[in-house]
Amino acid sequence: MDDNMEMLSVVAETAWMGHNTLLQLQDMTQNEAFKAFLRIQLKAYDIVLNETRIQYEARGEQLPEESTWNKMMTFMGIKIDTMMDKSTRHIADMLIQGSNQGIMELTKANKDYPGAEAPVKSLAEKLLVMLERNVEELKTFL
């Protein structure tokens, strides 16, 4: 795979993980401000996934869905992690950890795939900035 597809793969995995995590978590909180924040973030992930799909299609490929295995592991991890604590603070902490993981993956991809074209790098940077902003905004819910 070339640098474009490798970087797009990281962007897709990161965006799907965030998207599917938010889908599962959004109904667990009773905090209306937090719910509104999660809905806004979910829309932002939808935009990134759509732009990722466009980049895949421009290269004659289809945007892969998150694997069933990853979906199942995420679902079970969230169920276990929220079994005893569904507080806004705890969920925000979980999302900060996940966002930081995405930040690390995107940062590594940026260094590992220097040959990626400008539109692909720009998309990865857009997601990276979004995740960094999410971390700062989520801190207000701690």
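This is a short chat about how to read one predicted protein model.

Trainee: What should I keep in mind before I start?

Mentor: It's a predicted model, so local features need pLDDT of at least 70, side-chain atom pairs count only at pLDDT 80 or more, and totals for chains, interfaces and linings use all residues. Residues are numbered from 1 along each chain as its sequence is written, and side-chain values use heavy atoms, with hydrogens and water left out.

Trainee: How many helices and strands are there in the protein chain?

Mentor: Helices (H or I, at least four residues) and strands (E, at least two) are DSSP runs, numbered from the N terminus. Here you get five helices and zero strands, and the pattern along the sequence reads α-α-α-α-α.

Trainee: What radius of gyration does the protein chain have?

Mentor: That radius is taken over C-alpha atoms, and the globule rule is 2.2 Å times the number of residues to the power 0.38. For 142 residues, a compact globule would come out near 14 Å; this chain has 15 Å, which agrees. Along the principal axes, its C-alpha trace spans about 45 × 30 × 20 Å.

Trainee: Which residues touch the most other members of the largest nonpolar core?

Mentor: First the idea: in soluble globular proteins, nonpolar side chains tend to be buried together. A nonpolar core is a set of buried Ala, Val, Leu, Ile, Met, Phe, Trp, Tyr and Cys residues joined through side-chain atoms within 4.5 Å. Buried means under 20% relative accessible area, exposed over 50%, and partly exposed in between (1.4 Å probe, protein chains only). The largest core in this model has 42 residues, and F34, L95, L106 and L127 touch the most other members. Helix 1 (3–25), helix 2 (32–58), helix 4 (88–112) and helix 5 (118–138) each give two or more residues to this core. Helix 1 gives the most, with 10 residues.

Trainee: What is L106 in contact with?

Mentor: Contact means heavy atoms within 4.5 Å. Leaving aside neighbours within four places in sequence, L106 is in contact with V10, V11, T14, A124, L127, L128 and L131.

Trainee: Is Q26 buried or exposed?

Mentor: Q26 lies in the loop between helix 1 and helix 2, and at 18% relative accessibility it counts as buried. Beyond its neighbours within four places in sequence, Q26 is in contact with K35, L38, R39 and L42.

Trainee: And where does E105 lie?

Mentor: E105 lies in helix 4. With a relative accessible area of 28%, E105 is partly exposed. Not counting residues up to four places away in sequence, E105 touches V10 and T14.
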